[in-house]
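Thanks for coming, everyone. Have the sequence beside you as I talk.

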Amino acid sequence: MQPMKRSIVFGIAALGFASCGSGGSAASTTPVTLIPTSVAATTTSIAAPVTTIAPTTTTPVMTTLPATTTTIGTEDLIKQAVQDYIAGYFACGQQPASCDAAQFTASEGSSRTTVNELASGMVGAGLHFATDVRGSYLVAESIAASDTEATANYCAFDAVTVLGAEGPDGVATVVNDEILSYRYAYHLFLEGGKWRVGSQEQQQQLGEGNLCPPSE
């Protein structure tokens with residue numbers, strides 16, 4: 001028999017991780033206009049020509065530096081997408097009645113349907129995740145991507161507790177508090193310019209305790 005956490009919380013289709021420009025402006029100049037020479041006549045003589053030159057006004061040249069842009073690499077975007085998926089998954093587990101997997105899963109793949117069904121099943125069974133994840137985390141081990149799809153392999157340290165109904169003392173009963181490590185493969189899709197997880201597959205249960213590399 002599979003452990004309770006795996007069969008109920010991860011269960012459906014081996015889903016879950018229950019812990020888990022530049023621009024510039026041309027220089028602007030103002031033409032300098034010279035006032036024409038003025039010759040003044042008198043009754044007795046012609047005065048020497050007087051030339052008046054207007055003060056030269058120079059418009060300061062404004063230099064616009066190229067805007068600073070930061071390009072985030074595809075690998076970092078994929079890692080962030082997996083973290084967003086896990087954060088959404090945690091939130092669904094902690095409050096399954098208000099879960100909306102469309103907020104953090106791809107429209108392609110099975111994850112959206114699986115997470116929504118899992119949350120609905122947890123509501124029916126009166127289960128939820130504890131808010132204290134007890135240090136659960138994932139760490140990327142390899143990532144491969146094309147223009148529109150990617151696969152990310154992760155090690156997951158899962159220490160989240162699954163809770164049930166409150167007992168006579170008003171404290172929620174512990175349904176499962178196993179601490180295990182797994183390896184998962186996430187399949188991601190680029191949708192609307194944003195990477196999202198479309199499916200998750202458990203590749204290996206490593207064993208009890210934290211058997212993953214340190215978190216990044």
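Let me start with a term. A cavity here is a set of grid points where a 1.4 Å probe fits but cannot get out, and a residue lines it if one of its atoms is within 4 Å of a point. Keep in mind that this is a predicted model.

With that, which residues line the largest cavity? Tyr89, Cys92, Gly93, Cys99, Val115, Leu118, Ala119, Met122 and Phe129. The space inside comes to about 40 Å³. Look at the make-up of that lining. Eight residues are nonpolar, one is polar and none is charged. Where do they come from? Helix H2, residues 74-94, and helix H3, residues 111-125, each give at least two. H3 has the largest share, with four residues.

Stay on H3 for a moment. Ala119 sits in that helix, and Ala119 is one of the lining residues. Is Ala119 buried or exposed? Its relative accessible area is 4%, and the cut-off for buried is under 20%, so Ala119 is buried. Beyond its neighbours within four places in sequence, Ala119 is in contact with Pro96 and Cys99. Now compare Ala119 with Cys92. They are 27 residues apart in sequence, yet their C-alpha atoms are 6.5 Å apart in space.

Next, the loop between H2 and H3. Thr105 is found there. Its relative accessibility is 0%, so Thr105 counts as buried. What lies 2.6 Å from a polar atom of the Thr105 side chain? The backbone oxygen of Ala101. Leave out the neighbours within four places in sequence, and Thr105 is in contact with Tyr85, Ser111, Arg112, Arg196 and Val197.

Let me step back to the whole chain. It has three helices and seven strands. Reading along the sequence, the pattern is α-α-α-β-β-β-β-β-β-β. The chain has 216 residues, and buried residues make up 33% of them.

On to the strands. There is an open sheet of three strands, in the order S1-S4-S5, with antiparallel pairing. Which strands stand at the edges? Strand S1, residues 128-129, and strand S5, residues 172-176. Each has a single partner strand, so one side of each is left without a neighbour in the sheet. S1 pairs with strand S4, residues 162-166, in the antiparallel sense over two bridges. You have met Phe129 already, in the lining of the largest cavity.

Between S1 and S2 there is a loop, and Arg134 is found in it. Check its backbone. Arg134 has a positive phi of about 55 degrees, although it is not a glycine. At 33% relative accessibility, Arg134 counts as partly exposed.

Last stop, S2 and S3. Strand S2 covers residues 137-145 and strand S3 covers residues 149-158. How many bridges join this antiparallel pair? Eight. A hairpin through three residues takes the chain from S2 to S3.

Note on methods. Residues are numbered from 1 along each chain as its sequence is written. This is a predicted model: local features need pLDDT of at least 70, side-chain atom pairs count only at pLDDT 80 or more; totals for chains, interfaces and linings use all residues. Side-chain values use heavy atoms; hydrogens and water are left out. Two strands pair if DSSP finds at least two bridges between them. On a 1 Å grid over the protein atoms alone, a cavity is a set of points where a 1.4 Å probe fits but cannot get out, and a pocket is an open set with protein on both sides within 12 Å along at least five of seven lines; lining residues have an atom within 4 Å of a point. Grid points are joined across faces, edges and corners, and a volume is the space filled by probe spheres set on the points. Ala, Val, Leu, Ile, Met, Phe, Trp, Tyr, Cys and Pro count as nonpolar, Asp, Glu, Lys and Arg as charged, and the others, Gly among them, as polar. Buried means under 20% relative accessible area, exposed over 50%, partly exposed in between (1.4 Å probe, protein chains only). A polar contact is a pair of N or O atoms within 3.5 Å; within protein, one must be able to donate a hydrogen and the other to accept it, and residues adjacent in sequence count only if both atoms are side-chain atoms. Contact means heavy atoms within 4.5 Å.
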